[in-house]
Amino acid sequence: MHVKGRRIVLSGGGEAALAKLRLLLKSTGHITVFSAAPCEEIENWAADGKLRLVRRAMAPGDTLCAALFYAADEDDAEDGRTAAIARADGALVNVVDNLEDSAFITPAIVDRDPVTIAIGTEGAAPVLARAIKADLEARLPAALGPLARIGKTFRKAANALPFGRARRDFWREYYFGTGPADIAGGEDKVRTGLDSLLTSHLQRRARDGHIHFVGAGPGDPDLLTLKARRVLDEADVVIYDRLISQPVLELARREAIMIDAGKEGFGPSMKQEDINALIVEHAATGAQVVRLKSGDATVFGRLDEEIDAADAAGVAWSIVPGITSASAAVAEIGQSLTKRGRNSSVRFLTGHDMKGFADHDWATLARPGEVAAIYMGKKSARFIQGRLIMHGADRHTPVTVIENASRPEQRILETTLDALPAALSAAEMSGPALTFYGLGPRAAAAAQRRILPAYTDHLTPAQEAL
């Protein structure tokens, strides 16, 4: 709220009043405090002319024309009385530590004028807000404020640069490079450095387009790599797959063009040739393009076809690895993909493209102790079951299916090879799923996570009701 020159009224003279006033005194509002027994610090502020102190309880009419009112008497009855007066006078009311009766909240503030960071918890966890504030205070240099003030005066001059990436690159270099380096020499040196930096950027040719093939991980944004987050923050265009989670997409730069190039197994989808053309088209204009793929871009992501298209168009590219779904999913069941004495290798298969699937070495995989991670294998479950049993696999080999691995809606289905198709049908899984052949959930993991009961040919009534 813009409070310059407007009235801000507070009732109270103790600790709660002090906490609010320390923040309010940073504003340019006209502050009036009503208190019959104000503490010494409030008296000193009044003596210094920082606020007006009225040494009595608040009365009707005392909040006329006030923009904001704070009830900080630390007494429910008195806070209720003064809040009612303020509402009648037309002021917005905040009752300290009483969210329900407040029309607004005042968050914790990290002040690096003119940079201001507000931390609010809607009254749920003031201690948490203070902890976050303390952490940010320690992280943000005191010079941030002066750098921002100087930068503000230079904005018109910087408009000589083309709108968009050219300006962003200029300001990024100032705030994270030349500015912090020059501030030790004083503000005049910062201004001189800005002039030199602008001249340098005006003489630069536009940056060439670039394609970043980025693995977005299994869906949990906390599993993104630091490099993936950085290129997402710098992207002009983000072309993403259907399986990319919304929390991951939220990390992209707000001004970026977001393009859904979803491909759905066994359903309608954008042709790969069209995706290739789309990526190259945007990069050819000089854009920084992020091609966002679920899991790791190098695993069942048709990456080579897109790289070939970039090479044919002469567009530079790079790969940012991600956590593949198999790694995330096996962690959720408390297992490892390899284990001494059980299996020294693991196979990654895809059940999406059935062409050539029949020629896989099923006889070797059917041996005891073998492990496979099968991507997109729900609809091919009956085929996989048939091939393995035909080659001698034990029908009771454990099979685990993890749907939406790492996401809040994750589900884990524990079953056997013999019961796999029926178990999948009963579970009615609609999200992306990864199937582990030869692995069951570790008991401790099963106790901590939602794991559907083991599914066998002999179902209990509860299992039949899945």
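Colleague: What radius of gyration does the protein have, and what would a compact globule of 466 residues have?

Modeller: The radius of gyration is taken over C-alpha atoms, and the globule rule is 2.2 Å times the number of residues to the power 0.38. For a compact globule of 466 residues that would be near 23 Å, but the protein has 31 Å. Its C-alpha atoms fill a box of roughly 90 × 65 × 40 Å, taken along the principal axes. This is a predicted model, in which local features need pLDDT of at least 70, side-chain atom pairs count only at pLDDT 80 or more, and totals for chains, interfaces and linings use all residues. Residues are numbered from 1 along each chain as its sequence is written, and side-chain values use heavy atoms, with hydrogens and water left out.

Colleague: How many helices and strands does the protein have?

Modeller: Both are DSSP runs numbered from the N terminus: helices are H or I, at least four residues, and strands are E, at least two. Here there are 18 helices and 18 strands.

Colleague: What percentage of the residues is buried?

Modeller: Buried means under 20% relative accessible area, exposed over 50%, and partly exposed in between, with a 1.4 Å probe and protein chains only. Buried residues make up 45% of the 466 residues.

Colleague: Which residues of strand 9 lie on one side, and which on the other?

Modeller: Strand 9 spans residues 237–240, with Val237 and Ile239 on one side and Val238 and Tyr240 on the other. These four are all buried, and both faces of the strand are covered.

Colleague: How many bridges join strand 9 to strand 10, and how many join strand 9 to strand 11?

Modeller: Two strands pair if DSSP finds at least two bridges between them. Four bridges join strand 9 to strand 10 (residues 257–260), and the two run parallel. Val238 has Met258 as its bridge partner in strand 10. Strand 9 also runs parallel to strand 11 (residues 288–293), again joined by four bridges. In strand 11, Arg291 stands opposite Ile239.

Colleague: Why does Phe348 count as partly exposed?

Modeller: Phe348 is found in strand 13, residues 347–350. Phe348 counts as partly exposed because its relative accessibility is 32%.

Colleague: Which residues does Phe348 touch, not counting residues up to four places away in sequence?

Modeller: Contact means heavy atoms within 4.5 Å. On that basis, and with residues up to four places away in sequence not counted, Phe348 touches Val299, Phe300, Ala326, Leu337, Ala373 and Tyr375.
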